[in-house]
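Work through the exercises below with the sequence and coordinates open. Each task is followed by a solution in steps.

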There are 2 protein chains.
Amino acid sequence: MGISERKEREKLQMRQLVLAAATEMFIQEGYDRTSIRNIAEKIEYSPATIYLYFKDKTEILEAIMEQGFGILNQEFAKILHLEDPMERLKGMADRYLHFAHDFPEYYDLMFIMKTPVENVVEQDDWDCGHQAYITLFETVQACQEAGKLKIEDPHAASLMLWSILHGMVSLHIRKRLIFFPETQLDAIVHHCASEMVRLIAV
Amino acid sequence: MGISERKEREKLQMRQLVLAAATEMFIQEGYDRTSIRNIAEKIEYSPATIYLYFKDKTEILEAIMEQGFGILNQEFAKILHLEDPMERLKGMADRYLHFAHDFPEYYDLMFIMKTPVENVVEQDDWDCGHQAYITLFETVQACQEAGKLKIEDPHAASLMLWSILHGMVSLHIRKRLIFFPETQLDAIVHHCASEMVRLIAV
DNA sequence: TAAAATTACTGAACGGTGTTTATTTTGCAA
DNA sequence: TTGCAAAATAAACACCGTTCAGTAATTTTA
């Protein structure tokens, strides 16, 4: 049955075509300013065609979110080889900030944007997000077991670290730090991140 | 000229009517799900009428944001009488969390939502937001001058505190903490906040 | 190979959005 | 009462996400 296989391949290719166009436009223009009609025009198909490959606009968003978490988890993977758990922690914070800096629109979709409905909870869309958190949690746990942390509860410590990074990044992305000198902002943010790691260290 | 005065009063009243309706709907349904047509219907006027009192939808948003900062600054004012700057700091964190908890939609508009354009920067809309930050900054500065802080740069310390609070709150509001047990989340968040204050304290 | 059936695609529509403009209604002054 | 300025609006514009009936292309069947 070579034909049905080819059909399936073509179907996947078409989905990929939509996804590639959507990704580029979401990343460049943002989710809201990218319409289904725009995407359709870009790939030279009718808007209705897109709905043969995606249930709705949010399903495209979810696929792109997964891509984003793929990149982030890949970044995290780069520092997992470090022996010292505290070094891993520092590395993760660094990678997180760089990811947000390099892909602010990905970051927006993944962490700031309003969840389409309630569904992200039930769906496994957020599983890759959970995976990223688990990586952080396990690193924190390792630090704690090595007696390097001042916080006993590893969940609390993880949340603190994540929150301070997300807090700074999202305030920056959403332009709420306009009274900080733009030129020094990146330096301040990185300074705060390393200070935070220093503070929770024994 | 009593007439022109009355006219002006009426004009302000009408603006207030729109604002009150919009506030209720934004707070209840969110900014995106509230349309100009909905607001118009609620106050029993034509949609076009609203544009006689507000330039566009974002101008309504800005007015409501100011209200929100009014509430928040009022909350902050309640703890300014405390002598010990560290107590003031703890109090501010507490008030911040409670504000976010009680008015999540206000919080969304003020700190999470996408800035309409670039204009928030130049406009003085964000001035009341700046005011809230200054209150935090001055409190941090007082703590620092009292030799109570481990962080030298008061801007860095302020940003750290604000970020950890905003990080937790915004991740919560935008449903990114779904793998934390819902029932304990509030407790964890408050725990993290007080731990943070403890960590930066000498 | 011709007809039938499945599949892929699309034009046009539906009901919604923010916003503008030409027109009508209203309230006051002369 | 008439004239005029201000206030309100109906209708339109240009979008949006989404659906569906219908067309075109392709594969299967006879």
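A salt bridge here is a side-chain nitrogen of Lys or Arg within 4 Å of a carboxyl oxygen of Asp or Glu. By this rule the count comes to 20 salt bridges over all chains. The model is predicted.

**Exercise 1. Salt bridges within a chain**

Task: For Lys148(A) and Asp84(A), find the N to O distance and state where each residue lies.

Solution. 
Step 1. The side chains of Lys148(A) and Asp84(A) form a salt bridge, with N to O at 3.5 Å.
Step 2. Lys148(A) sits in the loop between H8 and H9 of chain A, and Asp84(A) in the loop between H4 and H5 of chain A; the two are 64 residues apart, and the pair links distant parts of the chain.
Step 3. Lys148(A) has a relative accessible area of 32%, so it is partly exposed. Asp84(A), with 28%, is partly exposed too.

Task: Describe the salt bridges Glu24(B) to Lys42(B) and Lys90(B) to Glu87(B), and state which elements hold the residues.

Solution. 
Step 1. In the pair Glu24(B) and Lys42(B), the closest N and O atoms are 3.0 Å apart.
Step 2. This pair links distant parts of the chain: Glu24(B) belongs to helix H1 (residues 2-29) of chain B and Lys42(B) to helix H2 (residues 36-42) of chain B, 18 residues apart.
Step 3. Glu24(B) is partly exposed at 43% relative accessibility, and Lys42(B) is partly exposed at 40%.
Step 4. In the pair Lys90(B) and Glu87(B), the closest N and O atoms are 3.4 Å apart.
Step 5. Both Lys90(B) and Glu87(B) lie in helix H5 (residues 85-102) of chain B, three residues apart, about one turn of the helix. An α-helix has 3.6 residues a turn, so residues three or four places apart point the same way.
Step 6. Lys90(B) is partly exposed with a relative accessible area of 43%, and Glu87(B) is partly exposed at 36%.

Task: Which residues are linked with Lys78(A) in a network of salt bridges?

Solution. 
Glu75(A) and Arg95(A) are linked with Lys78(A) in such a network.

**Exercise 2. The contact between the chains**

Task: How many residues does each chain give to the contact, and what area is buried between chain A and chain B?

Solution. 
Step 1. Chain A gives 45 residues and chain B gives 46 residues.
Step 2. The buried area is about 4,400 Å², and carbon and sulfur atoms give 68% of it.
Step 3. Lys114(A), Arg176(A) and Phe179(A) supply 17% of the area that chain A buries against chain B, more than any other three residues.
Step 4. Between chain A and chain B there are two salt bridges and 16 residue pairs in polar contact.
Step 5. Helices H6, H7, H8, H9 and H10 of chain A each supply at least two residues of the side that touches chain B. The largest share, 12 residues, comes from H9(A).
Step 6. The residues on this side of chain A divide into 26 nonpolar, eight polar and 11 charged.

Task: Is Asp108(A) buried or exposed, and what does it contact?

Solution. 
Step 1. Asp108(A) lies in helix H6 of chain A.
Step 2. The cut-off for buried is under 20% relative accessible area. Asp108(A) has 2% relative accessibility and therefore counts as buried.
Step 3. Leaving aside neighbours within four places in sequence, Asp108(A) is in contact with Met113(A), Ile173(A), Arg174(A) and Lys114(B).
Step 4. For the pair Lys114(A) and Asp108(B), there is a salt bridge, with the closest N and O atoms 3.6 Å apart.

**Exercise 3. Helix H8 of chain A**

Solution. 
Step 1. The buried residues of H8(A) include Cys128(A), Ala132(A), Leu136(A), Val140(A) and Cys143(A).
Step 2. H8(A) is followed by Gly147(A), whose phi is positive, near 70 degrees.

Definitions and conventions:
Residues numbered from 1 in each chain as written. Chains lettered and ligands numbered in written order. Predicted model: local features only at pLDDT ≥ 70, side-chain atom pairs only at ≥ 80, totals over all residues. Heavy atoms only, no water. Buried < 20%, exposed > 50% of the residue type's maximum accessible area, 1.4 Å probe, protein only. Helix = DSSP H or I, 4+ residues; strand = E, 2+ residues; numbered from the N terminus. Contact = heavy atoms within 4.5 Å. Buried area = accessible area lost by both parts, 1.4 Å probe. Polar contact = N/O pair within 3.5 Å; in protein donor to acceptor, adjacent residues only side chain to side chain. Nonpolar A, V, L, I, M, F, W, Y, C, P; charged D, E, K, R; others polar.
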